[in-house]
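Here is a friendly tour of one model, with charge pairs, a cavity and a surface patch as the stops. Have the viewer open as you read.

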Amino acid sequence: MDKPSLRSPYDTLLLEGGSLRCAFTAGVLDAFAAVGLWDFKRIYAVSAGAMAATSFLSGQRKHFIDVATSVVEDGQFIRFSSALSEEGIMNLAHLFDHVRRHHPLDFEGAKSAARGREVRFVTTDAESGEPLYLDPVEGNWLRILWASATLPMVTRGRIRVDGRWMFDGGISDALPLQAAMDAGAKRLLVVRTRPSGQHIQQSWMDFFATYWYRENAAIAALYESGHHTYNLAVDRMASGGEDGLDILEIAPDEPLKSDGYRVHGESLWADYHHGLAKGLDVVAGLRT
């Protein structure tokens with residue numbers, strides 16, 4: 001990665017997940033990369049945000065949007081006919097095979113850029129329901145990426161990493177503000193994939209999951225109350241900071257076009273350019 005040309009006043013970059021909504025995140029990060037704004041002490045990334053973070057650290061601009069557009073348009077990644085199969089609606093095996101063959105990630109470049117800073121990808125322990133903050137430099141980077149994006153009942157249910165079964169960190173800690181604060185974060189730049197202040201409700205899939213996991217009270221509880229936990233974090237960020245904490249949100253102005261499962265390439269590109277514009281607004285503000 002090029003030597004930074006613009007210093008960040010923020011010590012921590014936090015990336016919300018959101019599957020294909022992270023086209024917006026990729027746009028923000030590509031704006032940062034274009035001016036060399038990347039000298040964050042720590043990066044916390046959730047779900048597809050971890051994929052965007054990897055492309056950012058490796059210096060591969062437009063990687064996320066190119067991959068997302070390719071797999072959406074090939075008709076093999078999102079298939080409702082596969083909802084009851086092992087892979088689920090979203091075929092992560094196809095996604096990562098596509099990345100390997102057509103858009104390989106520079107993992108060595110990402111590891112090199114990550115050294116000397118704290119990089120954590122969030123997953124969920126499939127037995128205890130506890131959030132796990134994994135160091136991809138010290139672990140299997142690709143396997144951790146896969147685990148971070150594995151949603152029960154949407155993709156392959158869980159992934160084994162270093163002897164532990166885990167799945168998407170967005171289930172246990174979708175906005176890991178406290179984890180970043182506990183690590184020493186004081187000034188956070190948070191890239192959202194929902195409009196600032198927007199609350200969520202328990203979805204039909206969350207409701208179904210509370211029954212599906214009824215024999216594991218810890219996992220069932222995540223689906224039962226996860227939207228409350230998320231909304232509390234949203235309200236916390238809306239305050240702009242507390243007890244010496246400074247938070248700047250970069251969020252879309254309206255719900256993203258790439259939300260949901262019926263997504264087209266033009267929607268991804270529209271969200272990417274929205275994120276690019278938002279990222280450049282932040283850059284312009286830092287230069288004044």
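A residue counts as buried when its relative accessible area is under 20%, and as exposed when that value is over 50%. Please keep in mind that this is a predicted model. R42 has 10% relative accessibility, so R42 is buried by that cut-off. Its salt-bridge partner is D11, which is also buried, at 14%. The two sit 31 residues apart, with D11 in the segment before β1 (12-15) and R42 in strand β2 (residues 42-46).

How many salt bridges are there by this rule? The count is 11, and three of them are set out here.

| Pair | N to O distance |
|---|---|
| D11 and R42 | 3.4 Å |
| E108 and K111 | 4.0 Å |
| D135 and R120 | 3.7 Å |

D135 is in the loop between β4 (131-134) and α6 (141-148) and R120 is in strand β3 (residues 118-125), so their pair ties together parts 15 residues apart in sequence. E108 and K111, by contrast, are both in helix α5 (residues 107-114), about one turn apart; E108 is exposed at 53%, while K111 is buried at 18%. Shared partners also join E16, R192, R194 and E249 into one salt-bridge network.

Next, the cavity. Helices α1 (22-34), α2 (48-58) and α3 (63-73) each supply at least two lining residues.

Finally, the surface: W204, F208, Y211 and W212 form a nonpolar patch with about 570 Å² of accessible area together. W204 belongs to helix α8 (residues 204-212) and is exposed, at 67% relative accessible area.

Definitions and conventions:
Residues are numbered from 1 along each chain as its sequence is written. This is a predicted model: local features need pLDDT of at least 70, side-chain atom pairs count only at pLDDT 80 or more; totals for chains, interfaces and linings use all residues. Side-chain values use heavy atoms; hydrogens and water are left out. Helices (H or I, at least four residues) and strands (E, at least two) are DSSP runs, numbered from the N terminus. Patches are made of residues with over 30% relative accessible area and no salt bridge: like charges are joined within 9 Å, nonpolar side chains (Val, Leu, Ile, Met, Phe, Trp, Tyr) within 5 Å. Accessible areas come from the Shrake-Rupley method with a 1.4 Å probe; for residues, only the protein chains shown count as cover. A salt bridge is a side-chain nitrogen of Lys or Arg within 4 Å of a carboxyl oxygen of Asp or Glu. Buried means under 20% relative accessible area, exposed over 50%, partly exposed in between (1.4 Å probe, protein chains only).
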